[in-house]
Structure formats: structure tokens, C-alpha cells
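Let's take a walk through a protein chain together, from its overall build down to a pair of rings. Have the sequence and the 3D view at hand.

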Amino acid sequence: VHTVQRRLGRVVPRDAHDQQAALEPVDPADARPGDLYFFARPGRPAHHVGIVTGAYRMIHASERRAVVEEPLDEGRRATLSGAGRRP
């Protein structure tokens, strides 16, 4: 997400939790393509972020070191902590 934003000429924080703090909060159910989904374990700051491509779908850097576009599986939905939008 950080690299994509920089390529678009936008300055954003590098880490997921800092990105979440810098954006306008949005209910994940109301997220639109281009918004960001954030993921965190209970009581912890966001540790992962993806770009919304559709209802509960995102493009993100997966654990396999590949960028993928996919729906949020049960594990991702369980750690979905919020969504954000550039003001």
C-alpha cells in the first residue's frame, strides 16, 4: 500500500497502524474501492493493510511474498479492525 500511494504521488505513513491513524475511519461494510482495510489482533494496533477492490475484497501483499487480489477469508474477517478513506 505504501509503495502504491507513493507511486501516485501521495505521502502516507509506512506502517499499517500509522496509515490507519492518518485516514478518515469508515465502517468496513461501507468501504469502497480505493479505501483501505486494516487488520489487527484484539487489543493490538493494525499489522496489515490492503486496498479495497470490492465488498470484502482487497489487493494486498500476501504472506507468500506476492501481491494478490482476493476475497477476505474467515481468518482475515476475524482480524478486520476497520477501514479508512483519504479525506
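Three helices and six strands make up the secondary structure of the protein chain. Here helices (H or I, at least four residues) and strands (E, at least two) are DSSP runs, numbered from the N terminus. Along the sequence they follow the pattern α-α-β-β-β-β-β-α-β. The radius of gyration is 12 Å, close to the 12 Å that the globule rule gives for 87 residues, so the chain is as compact as a globular protein of that length. That radius is taken over C-alpha atoms, and the globule rule is 2.2 Å times the number of residues to the power 0.38.

A word on what you are looking at: this is a predicted model, in which local features need pLDDT of at least 70 and side-chain atom pairs count only at pLDDT 80 or more, while totals for chains, interfaces and linings use all residues. Residues are numbered from 1 along each chain as its sequence is written, and side-chain values use heavy atoms, with hydrogens and water left out.

Along the principal axes, the C-alpha atoms fill a box of roughly 35 × 25 × 25 Å. Of the 87 residues, 38% count as buried; buried means under 20% relative accessible area, exposed over 50%, and partly exposed in between (1.4 Å probe, protein chains only). Among contacts with a separation of 6 or more, 42% are between residues 24 or more positions apart, where contact means heavy atoms within 4.5 Å.

Now for the rings. How many aromatic pairs are there? The count comes to one aromatic pair. Rings of Phe, Tyr and Trp (its six-membered ring) pair if their centres lie within 6.5 Å; planes under 30 degrees apart count as stacked, over 60 as edge-to-face and the rest as tilted. The rings of Y37 and Y56 have centres 6.1 Å apart and planes at 10 degrees, so this pair is stacked. The pair links distant parts of the chain, 19 residues apart.

Here are the two partners side by side:

| Residue | Place | Relative accessible area |

Y56 has another feature to look at: its phi is positive, about 55 degrees, although Y56 is not a glycine. Most residues other than glycine have a negative phi.
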